[in-house]
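Subject: Handing over a structure, with notes on its aromatic rings

Dear colleague,

I am passing the structure below on to you, and my notes on its aromatic rings follow it. Please read them with the model open.

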Amino acid sequence: MRTLTRLDVESRYARRELDRQITGDGPLARHTVDSDGRRQAGASSHHESARKHVTGKAAYIDDLQAPADALHLALGLSPVAHGRLVRLDLEAVRRAPGVVDVITFADVPGHTDIGPVFPGDPIFVDEAISYAGQCLFAVAATSYMAARQAVELAEFDIDELPARLDPVAAIEHDERVRPSHVQERGGWQPCLENASNVIEGALFVGGQEHLYLEGQACLVLPTEDEGVVVYTSNQHPSETQKLVAEVLGIPFHSVTVEVRRMGGGFGGKETQASPWACIAAIVARRSGRAARLRLPRSVDMRVTGKRHPFHNRYRLAVDAEGVIQGGEITLIGDCGYSPDLSDAIVDRAMFHADNAYCLNAARVIGHRARTHTASNTAFRGFGGPQGMMIIEAAMDDIARRIGEDPLTVRKRNLYRSGFDTTHYGQKVDQTALLHSLIDTLERDSDYWARRDEIQRYNAHNPILRKGLALTPVKFGISFTAQHLNQAGALLHVYTDGSVMINHGGTEMGQGLHTKICQVVARELGLDLEDVRISATRTDKVPNTSPTAASSGADLNGMAARDAATRLRERLFDFAAGHFEGGLEREGMRLEDGMLVAGQGESEYRMAWGELVQTAYLNRISLSEKGFYATPLIHYDRAIGQGRPFYYYAFGAAVSEVTVDTLTGEYRLDRVDILHDVGDSLNPAIDIGQIEGGFIQAMGWLTSEELKWNERGVLVSNSAATYKIPTFGDTPPIFNVALLEGHPNSMASLYRSKAVGEPPFMLGISVWSALRDALASLDDYRSSPSLDTPATPERVMLAAQALRTKAL
């Protein structure tokens, strides 16, 4: 019989104290998807709020209970896109029933410019009006209806001026929100001058409305210390904290911002959620009452920015095989009236103007045009998709010029050994993975057999034509602003063994919180049920970066892992040193809710809950903070060279379409996707991200058309006039697979890769397949001009142009 040690005595004491309370004593796996039943990082698991989503228990901003005397806000907006505010008379508004307060530019106690990076975004119009929908004033009333009705009573005079809506003309007249930027490598000019084969092309790439399910909304409560607590649907709580504090003229620590979840963001709540919080905060501080502001859908669509439309063109020197020798690519981003994030967005478009292809000696220039529309902003891909579009157009154009299949031309131009350096100086690693991925998808999707079948089909069908395209994706992961590549986390373990994690990332439905909980569960050897996550708050983890750039899991997951690792090692040190003749420090581990030390007959196991309780009784800290900063990245903007990305994520998609060339109507028949996520953190969530990103991109490129009238007023301002994809638009055959056996070559979180933005660009294959179907009308001799979105009207006009050319 083994002699009782001090460890046994203390363990029994802890067990008795926590009878039926120790969650780690026998963890049970519930709702598991993976075979081993643990649901830790690397395993599939449902979203941490899945039950709440489907039962309606998940609380969004408009679900939060406000005090009975809370005020409701409505905005007075400019009806014109460009002009001068000559007179603003709000006396009738102030006298309206239920109105408590009305605020204008003159009522802002602190900063009046809330530009997130560069100045240029006034919280209210002072005199100059720069877009239709710009905020003139705000009304606070006892009910939402009273506030909206009062807004209509305002009287104002505006000296209207012509609106500038053409970004190309804006650049010609030197109207820019930021200076142009150039990246170049090698002698691109001699290359073009001496080339025997130069191919040129141009493409308009349309913008995109975020159309998140939950619109812009916030609830602001005043506090007793002259501060505010802001509940907001927001991707960047720390930036909102900063701007609210500056607008109120108070220290940052007097503002607390909380975000539990968003009903979608897609980039539209990275910077453009802050103005509404600032306005509500002013009202809350002036009145001493809670203030609620939420934008109706039509107002939301008018006052917020979109994905940047781009006007792109290229001139490329190619050899007889269609391989790019060098050239020039020009990108013009329509930034709207102010900088917002446009500098970084156009930069990222420039970084991705090569996509997966070596440009050799090349020059890429990006312009930032000022127009009289709402300031365009972040959107999934952050400019990368718009940059990729021009080189994918070029691949199709080159193929038609030399009479080869577009896939053959694409494969010849891929980054490869000896041709693995980008135009901005970063070396592309894992080029073999890129080739292997495309070869695997080419084989598994039966690309060439389907190509033969499609050509036979098209030869016998003069009206209905099929198209096929395989397009790759190479997407850089990291914020291009170096200082944003950092994250923090705060971990608490309670005496019953339950765990609470908080981090600086925000949850917008993408499953970030789920993955963070899985990371902590893995590091502490627990089931996912034992780990909870709390709302993102600026008073828990300060100075956070936005949840954007696909880096939410990379940054915050590493910070959470750092906290969990530090705490685990502290517990190991305690266990090894506390028990006389007890546990071996080397090889100690946490698994299945147990502390395990030793091996074989000398193996000793202690329940997690007992370990925690024993540590607490011996005054060992059960709380830890974590931090992570991405290494190696740098970029010298003065010379346009560096390593802006920690690593690249790869992917490829094959899309097949059928087009009615008389009406321009079409359907997506089949999609095959193979995507690189390294060693996946959660395969179920990652596949969902890939599916969703693809469909969202398909909508951007085919049906989602933004329209302004000649005065610069947005007319596609509702779901009735702006068409996003529906379930019926998904292909009947939709094959999605994760590339297996290829962990990240960089030391990322468990060798995983980001999956938020890279899958979006897979949707380019749909647009390329439409061009392929149209090219069949000219026996594939020419490449059709097809701007985006490729609506049925645009497809019909492209088909007519090809038929006319063939006559």
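A charge is said to sit over a ring if NZ of Lys or CZ of Arg is within 6 Å of the ring centre and within 35 degrees of the ring normal. Lys466 lies in this way over the face of Tyr457, at 5.2 Å from the ring centre, and Arg294 lies over the face of Tyr144, at 4.6 Å from the ring centre.

Please bear in mind that this is a predicted model, in which local features need pLDDT of at least 70 and side-chain atom pairs count only at pLDDT 80 or more, while totals for chains, interfaces and linings use all residues. Residues are numbered from 1 along each chain as its sequence is written, and side-chain values use heavy atoms, with hydrogens and water left out.

The structure holds 10 aromatic pairs, a pair being two rings of Phe, Tyr or Trp (its six-membered ring) whose centres lie within 6.5 Å, counted as stacked with planes under 30 degrees apart, edge-to-face over 60 and tilted for the rest. One of them, Phe351 with Phe645, is edge-to-face, at 5.3 Å centre to centre and 80° between the planes. Phe351 belongs to helix H10 and Phe645 to the loop between strands S26 and S27, so the pair ties together parts 294 residues apart in sequence; helices (H or I, at least four residues) and strands (E, at least two) are DSSP runs, numbered from the N terminus. Phe351 and Phe645 also belong to one aromatic cluster with Tyr424, Tyr635 and Tyr648.

Best wishes
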